[in-house]
Amino acid sequence: MQEDRLIIRGIEFKSRLWVGTGKYKDLEETRRAVEASGADVVTVAVRRVNILDRNRENLLDYIDPKKYKILPNTAGCYTVEEALRYARLAREAGISDMVKLEVIGDERTLFPDVCGLIKATEILAKEGFIVFPYTNDDPITAKRLEDAGAAAVMPLGAPIGSGLGIRNPYNIKIILETVKVPVIVDAGVGTASDATIAMELGCDAVLINTGIAGARDPLKMAEAMKHAVIAGRLAYLAGRIPKKLYASASSPLEGMLI
Amino acid sequence: MKIRLNGEDYEIEGELTLEELLRRLSILPERVAVEVNLQVIRKNDFKDFKVKDGDVVEIVNFVGGG
């Protein structure tokens with residue numbers, strides 16, 4: 001097969017499946033699921049160190065930053081200022097300029113506040129961050145984010161943790177035609193076929209957390225998602241047949257017994 | 001002197017640099033980021049940065065997230 005590489009801002013990504021590290025039973029399960037997924041981008045959150053716990057375990061003891069690309073998020077931030085604060089701390093705690101930018105607009109839906117998101121993207125891009133904004137499945141917002149300096153856009157398939165799949169494939173398709181930066185579906189993927197649909201549309205990658213961590217068997221689902229993303233990507237590159245209303249026979253009519 | 005450390009009151013006797021504070025808390029500097037009074041302190045400055053009475057110190061690290 002011809003080489004099919006994902007490169008963003010000069011960084012090469014070895015897998016088109018990106019995974020989150022939230023909601024796992026423990027850090028060992030996190031480690032095993034991430035490994036089974038074959039992902040090389042791993043998202044993390046930034047939170048206070050537990051000062052009192054002397055035997056505290058660190059996520060990075062399980063997810064080796066030399067092996068994986070650590071992508072810190074600004075989850076839980078509802079204002080531009082908060083998101084900037086978390087992004088700057090994340091950069092200092094980590095080893096790269098990458099940030100998965102979230103500016104959340106509403107607690108119940110966790111839909112992004114796109115006005116704040118565009119503003120924060122612009123500021124962080126100017127500060128040299130490689131910004132991956134988590135956004136709505138709205139092409140106009142995606143374009144504004146690209147103009148603001150986003151390295152890629154991350155439209156949701158459905159609300160975070162909902163598992164509802166790709167609710168608006170047509171909008172995702174329009175986003176793909178609207179922006180030049182890579183498009184990475186983030187949120188909503190509930191099972192393997194959802195990931196495949198995202199990739200078949202032509203998305204550059206898919207980010208999954210709850211879809212894997214929340215499965216009955218996260219390790220199996222991690223592996224399923226790995227194959228689903230590869231299958232979807234290959235199908236996209238192969239080019240699907242057009243949909244038709246009526247049948248067209250696969251076997252020749254010639255040589256049939258009369 | 002008294003500082004606010006990750007949202008709690010914290011007593012310190014005498015002068016202390018950020019590096020010494022982290023050591024006292026058994027925290028590896030390479031795995032965390034530190035903010036003092038809303039200002040991110042670069043890791044290279046930990047050994048010289050002196051914590052003052054009333055400072056609001058936040059020490060964060062990475063945890064599981066999506």
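How many residue pairs are in polar contact between chain B and chain A? In this predicted model, the count is 17 residue pairs, with both partners at pLDDT 80 or more.

Let's stay with that interface for a moment. Chain B brings 27 residues to the contact and chain A brings 30 residues. Together they bury an area of about 2600 Å², and carbon and sulfur atoms give 55% of it. On the chain B side, Arg31(B), Phe62(B) and Gly66(B) supply 31% of the area buried against chain A, more than any other three residues.

Charged pairs also take part: four salt bridges are counted between the two chains. One pairing joins the side chains of Glu58(B) and Arg48(A) in a salt bridge, at 2.8 Å from N to O.

Strands 4, 5 and 7 of chain B each supply at least two residues of the side that touches chain A. Strand 7 of chain B gives the largest share, seven residues. By class, that side of chain B divides as follows:

| Class | Residues on the chain B side |
|---|---|
| Nonpolar | 13 residues |
| Polar | seven residues |

Now for a look at helix 5 of chain A, which spans residues 139–147. Its buried residues are Pro139(A), Thr141(A), Ala142(A), Leu145(A) and Glu146(A). The face turned away from the buried side carries the exposed Ile140(A) and Asp147(A). Just after helix 5 of chain A, Gly149(A) adopts a positive phi of about 110 degrees.

How values were computed: Residues numbered from 1 in each chain as written. Chains lettered and ligands numbered in written order. Predicted model: local features only at pLDDT ≥ 70, side-chain atom pairs only at ≥ 80, totals over all residues. Heavy atoms only, no water. Buried < 20%, exposed > 50% of the residue type's maximum accessible area, 1.4 Å probe, protein only. Helix = DSSP H or I, 4+ residues; strand = E, 2+ residues; numbered from the N terminus. Contact = heavy atoms within 4.5 Å. Buried area = accessible area lost by both parts, 1.4 Å probe. Polar contact = N/O pair within 3.5 Å; in protein donor to acceptor, adjacent residues only side chain to side chain. Nonpolar A, V, L, I, M, F, W, Y, C, P; charged D, E, K, R; others polar.
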